[in-house]
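Good morning, and thank you for coming.

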Amino acid sequence: MIIAIDGPAGTGKSTIAKLISEKLNITFLNSGSFYRGITLALLREKIDIKDEKKVLAFAEKLNLDYVNDHLILNGEDVNHLLHQDIVSENVSPVSSIVELRHIVNKKLRKVTETQSVVCEGRDITTVVFPNAEYKFYLDASIDVQAQRRFNQGVSELSLEEIKVTIQKRDEMDKNKKEGSLKIAEDATYIDTSDLTIEQVCEIILSKIHI
């Protein structure tokens, strides 16, 4: 079984997907972690993210695993490094590389060959798992998005700076050549702005029949 959740930053996707996975006792798969992990590795090696050939050659060699909801990069658990400001600033252009998306999508699909998952991202319902049994699109106002990311305490930016960063990221993601952020026709749309995490989980669980 695949439960696919899409939506922009700060809508609660990761938190909610993780909770749903715990309640249903299935794997939580965060697609964004793969792109952030690749971006982190590129930055560490000082590889120009605008040089697509170098990025792709480098990404092909990376050993990316997903164990207990944590991204393992070449044997190192890098989960705690994935939301650094420098990674957040560069992940969108990296994830915009079409061939790189194909590499990541293969890795994501491989995970689902052997287990049921709750997967969240930005094109999970439309590109990665278009045939998922359950699809949801979470949304929220930009002010709520920024406040939630600010409250996570993972950024050194001000609330206003985070707001601008999210707006730029969402705009880039909506205009990607492939894997753009959009609402699948058969996805359940949920505005999470005025809902608690538990309320959103209840709505999603009410749609799932096991």
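A word on the source is needed at the start. This is a predicted model, in which local features need pLDDT of at least 70 and side-chain atom pairs count only at pLDDT 80 or more, while totals for chains, interfaces and linings use all residues. Residues are numbered from 1 along each chain as its sequence is written, and side-chain values use heavy atoms, with hydrogens and water left out.

Let me begin with the terms for secondary structure. Helices (H or I, at least four residues) and strands (E, at least two) are DSSP runs, numbered from the N terminus. Two strands pair if DSSP finds at least two bridges between them. In general, strands of a sheet pair through backbone hydrogen bonds, either parallel or antiparallel.

In what order do the strands of the open sheet of five strands stand? The order is β2-β6-β1-β7-β8, and the pairing is parallel. At the edges are β2 (27-30) and β8 (188-191), each with a single partner strand, so one side of each is left without a neighbour in the sheet. From one strand to the next, the twist averages 20°; such angles run from 0 to 180 degrees between N-to-C directions, and axes are lines fitted to C-alpha atoms, for helices over the stretch in contact.

We can follow the pairings through this sheet. Strand β1 (residues 2-6) runs parallel to strand β6 (residues 117-121), and five bridges join them. Ile5 has Glu120 in β6 as its bridge partner. With β7, β1 pairs in the parallel sense over four bridges, and Ala4 stands opposite Lys135 in β7. Four bridges also link β7 and β8 in the parallel sense, where Phe136 stands opposite Thr188 in β8.

Buried means under 20% relative accessible area, exposed over 50%, and partly exposed in between (1.4 Å probe, protein chains only). Six of the six residues of β7 are buried, so this strand is largely enclosed by the rest of the structure. Tyr134, Phe136 and Leu138 point one way, Lys135, Tyr137 and Asp139 point the other way, and all are buried.

Strand β4 (residues 70-73) pairs with β5 in the antiparallel sense over two bridges, and Leu73 has Glu76 in β5 as its bridge partner.

I turn now to the helices.

Two packed helices are described by the angle between their axes and the distance between the axes. At what angle do α2 and helix α4 (residues 85-95) pack? The angle is about 110°, with the axes 9 Å apart. That makes α2 roughly perpendicular to α4; angles of 65 to 115 degrees count as roughly perpendicular, under 35 as roughly parallel, over 145 as roughly antiparallel, and the rest as oblique. The residues of this contact divide into nine nonpolar, four polar and one charged. For these classes, Ala, Val, Leu, Ile, Met, Phe, Trp, Tyr, Cys and Pro count as nonpolar, Asp, Glu, Lys and Arg as charged, and the others, Gly among them, as polar.

With helix α8 (residues 159-174), the axis of α4 comes within 10 Å and crosses at roughly 5°. These two helices are therefore roughly parallel to each other. Val91, Ser92 and Pro93 in α4 meet Arg169, Met172 and Asp173 in α8.

In helix α5, the buried residues include Val98, Leu100 and Ile103. The buried residues of α5 pack against β2, α2, α3 (52-61), α4, β6 and α6 (124-128).

Finally, is Lys13 buried or exposed? Lys13, in helix α1 (residues 13-24), is buried, with a relative accessible area of 9%. Leaving aside neighbours within four places in sequence, Lys13 is in contact with Ile5, Asp6, Gly7, Pro8, Glu120, Gly121 and Leu138.

Notes:
Contact = heavy atoms within 4.5 Å.
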